[in-house]
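Hello,

Here is the structure for you to look through. My notes on it follow below.

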Amino acid sequence: MNKGRTEAAAGAPGILLRYLQEQNRPYSAQDVFGNLQREHGLGKAAVVKALEQLAQQGKIKEKMYGKQKIYFADQDQFDMVSDADLQGLDAKIVALTAKVQSLQQSCRHMEAELKELTNALTTPEMQKEIQELKKECAGYTERLKNIRAATNHVTPEEKEQVDRERQKYCKEWKKRKRMATELCDAILEGYPKSKKQFFEEVGIETDEDYNVKLPDP
């Protein structure tokens, strides 16, 4: 055992006595060790020994709960608390609890606001984005101006005429394709070779050969 650990063990009874009196609540040896080990560097064995020593001296109380020993401050050293004092303490606890809840809610709001501000653009970034948007808007404005100034607009009548012609030619395309398909199917019924060989011999080229698809109506 090093010198620091030895000195800590020697002072353990005083440290533990003060701790139990200040906290005034029951603790196991493991609880006390876990709570004070980092601050005072006490080992588990030193904590157990000091607690047993204090209990034997009557400075603290010791009770068994199952297989575990519980240690707490001697309650006789504390002044009696009246019912009125207890009610006052209860009221204070209620008030403090409400204050804690209010502060927690305020903290949550502030954290949400901080997160929003953190994710927001900085002033220089916003200025840069505004300039880019203005530039983009100016481009659209110029494009719209050119469109409005153009003299080669398609009139509604011309558009309607084009649509009618498109429907006419698509209908004719579909009709001729159906007729050609029916004719080829009739010939292939008595043709000794495959459909592909027939198309090659006759020289038939299909829409599929050129990845052409009949437009939607």
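**What was found**

The UniProt record, in an unreviewed entry, places the feature "domain: Homologous-pairing protein 2 winged helix" at residues 12-73. UniProt positions are given in the numbering used here, feature names are shortened, and annotations may be inferred rather than shown by experiment. This is a predicted model, in which local features need pLDDT of at least 70 and side-chain atom pairs count only at pLDDT 80 or more, while totals for chains, interfaces and linings use all residues. Residues are numbered from 1 along each chain as its sequence is written, and side-chain values use heavy atoms, with hydrogens and water left out.

**Residues 12-73**

This span is 60% helix and 23% strand. Its end C-alpha atoms lie 15 Å apart. Helices (H or I, at least four residues) and strands (E, at least two) are DSSP runs, numbered from the N terminus.

Start with the sheet. It is open, has 3 strands in the order S1-S3-S2, and pairs antiparallel. Strand S1 (27-28) and strand S2 (60-65) are at the edges with a single partner strand each, so one side of each has no neighbour in the sheet. Two strands count as paired if DSSP finds at least two bridges between them. S2 and strand S3 (residues 68-73) run antiparallel and are joined by 6 bridges. Met64 stands opposite Lys69 in S3. As background, strands of a sheet pair through backbone hydrogen bonds, either parallel or antiparallel.

Next, a helix pair. The axes of helix H3 (residues 29-40) and helix H4 (residues 44-56) come within 9 Å and cross at roughly 125°. Axes are lines fitted to C-alpha atoms, for helices over the stretch in contact, and angles run from 0 to 180 degrees between N-to-C directions. H3 and H4 are therefore oblique to each other. Angles under 35 degrees count as roughly parallel, over 145 as roughly antiparallel, 65 to 115 as roughly perpendicular and the rest as oblique. The H3 and H4 crossing is right-handed (the near helix is turned clockwise from the far one by less than a right angle). From H3, Ala29, Gln30, Val32 and Phe33 meet Lys44, Val47, Val48 and Leu51 in H4. Contact means heavy atoms within 4.5 Å.

**The coiled-coil region**

UniProt lists a "coiled-coil region" (unreviewed entry) at residues 86-150. The chain there is 94% helix and 0% strand. The end C-alpha atoms of residues 86-150 are 90 Å apart.

Gln104 is in helix H5 (residues 83-119). Gln104 is partly exposed, at 42% relative accessible area. The cut-offs are under 20% for buried, over 50% for exposed, and in between for partly exposed (1.4 Å probe, protein chains only). Gln104 and Phe33 are 71 residues apart in sequence and 31 Å apart in space, C-alpha to C-alpha.

Helix H7 (residues 156-188) and helix H8 (residues 195-202) have axes that come within 11 Å and cross at roughly 110°. H7 and H8 are therefore roughly perpendicular to each other. Cys184, Ile187 and Leu188 of H7 make the contact with Lys195, Phe198 and Phe199 of H8. H7 passes H8 in a right-handed crossing.

Most residues other than glycine have a negative phi. Asn24 is not a glycine, yet has a positive phi of about 50°. Asn24 is in the loop between helix H2 (12-23) and S1. Asn211 has a positive phi of about 55°, and is not a glycine either. Asn211 is in the segment after H8. Buried or exposed: which is Asn211? Asn211 is exposed, with a relative accessible area of 73%.

Best wishes
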